[in-house]
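Reader: I have a model open and would like to go through its side-chain contacts with you. Could we begin as soon as it is on screen?

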Amino acid sequence: MASDREFVEYVAGQIAADASITYRKMFGEYMLYANGKPVVLICDNTAYIKTLDCVKPYLGNAERGFPYKNAKEHYIIDPDDRELLSAVVKELERNVPLPKPKKAV
């Protein structure tokens with residue numbers, strides 16, 4: 001089941017960050033970006049955060065799941081918890097590198 005755009009917009013709106021929050025549709029699902037850095041993966045109307053050391057203090061005891069077949073395990077974050085979501089996104093924005101530019105074919 002693909003994610004609803006309304007859910008994606010809700011999650012993006014919940015993020016109180018000093019960053020530009022954008023999203024891109026990919027294979028029926030979405031990736032949210034903070035200043036161009038990938039921070040939240042949305043699959044089946046569930047918000048996933050990559051299990052990185054920088055967010056472990058925030059999400060170490062959080063529920064975990066797999067956003068899609070053959071994916072690595074991710075944290076599941078409640079988008080209704082605006083304070084936690086915003087803190088995690090800020091931490092990710094500080095620590096995640098920009099994606100490498102795609103080579104022209």
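Reader: Is R5 buried, partly exposed or exposed?

Author: R5 is partly exposed, with a relative accessible area of 47%. Buried means under 20% relative accessible area, exposed means over 50%, and partly exposed lies in between, with a 1.4 Å probe and protein chains only. Please note that this is a predicted model, in which local features need pLDDT of at least 70 and side-chain atom pairs count only at pLDDT 80 or more, while totals for chains, interfaces and linings use all residues. Residues are numbered from 1 along each chain as its sequence is written, and side-chain values use heavy atoms, with hydrogens and water left out.

Reader: Which side chain does R5 meet in a salt bridge?

Author: The partner of R5 is E9, at 3.0 Å from N to O. A salt bridge here is a side-chain nitrogen of Lys or Arg within 4 Å of a carboxyl oxygen of Asp or Glu. E9 is partly exposed, at 38% relative accessible area.

Reader: Where do R5 and E9 lie?

Author: Both belong to helix α1, residues 5-14, and they are four residues apart, about one turn of the helix. Helices (H or I, at least four residues) and strands (E, at least two) are DSSP runs, numbered from the N terminus.

Reader: How many salt bridges are there by this rule?

Author: The count comes to three. One of them joins R94 and E91, whose side chains meet at 2.7 Å, N to O. Another is formed by E73 with R64, with the closest N and O atoms 3.6 Å apart.

Reader: Why are R94 and E91 about one helical turn apart?

Author: They are separated by about one helical turn because they are three residues apart in helix α3. R94 is exposed, with a relative accessible area of 55%, whereas E91 is buried at 16%.

Reader: And why does R64 count as partly exposed?

Author: R64 counts as partly exposed because its relative accessible area is 36%, a value between the limits of 20% and 50%. Its partner E73 is partly exposed too, at 33%.

Reader: Let us turn to surface charge. Which residues gather in a patch of negative charge?

Author: The patch on the surface consists of D78, D80, D81 and E83. Patches are made of residues with over 30% relative accessible area and no salt bridge; like charges are joined within 9 Å, and nonpolar side chains (Val, Leu, Ile, Met, Phe, Trp, Tyr) within 5 Å. Asp and Glu count as negative, Lys and Arg as positive, and His and the chain ends are not counted. The place of a charge is taken as NZ of Lys, CZ of Arg, CG of Asp or CD of Glu. Accessible areas come from the Shrake-Rupley method with a 1.4 Å probe, and for residues only the protein chains shown count as cover.

Reader: Where is D81?

Author: D81 sits in the loop between β6 (74-77) and α3 (82-95). D81 is partly exposed, at 34% relative accessible area.

Reader: Now the aromatics. How many aromatic pairs does a search of the whole structure find?

Author: The search finds one. Y23 and Y30 form this pair, which is edge-to-face, at 5.9 Å centre to centre and with 70 degrees between the planes. Rings of Phe, Tyr and Trp (its six-membered ring) pair if their centres lie within 6.5 Å; planes under 30 degrees apart count as stacked, over 60 as edge-to-face and the rest as tilted. Y23 is partly exposed at 27% relative accessible area, while Y30 is buried at 5%.

Reader: What is the phi of N35?

Author: N35 has a positive phi of about 50 degrees, although it is not a glycine. N35 lies in the loop between β2 (29-34) and β3 and is partly exposed, at 35% relative accessibility. N70, likewise a residue other than glycine, has a positive phi near 70 degrees. N70 is in the loop between β5 (64-65) and β6, and counts as exposed at 74%.

Reader: One last topic: how far apart in space are V40 and K50?

Author: They are 7.8 Å apart, C-alpha to C-alpha, and ten residues apart in sequence. V40 is in strand β3, residues 37-43, and is buried at 0% relative accessibility. L92 belongs to helix α3 and is buried at 2%.
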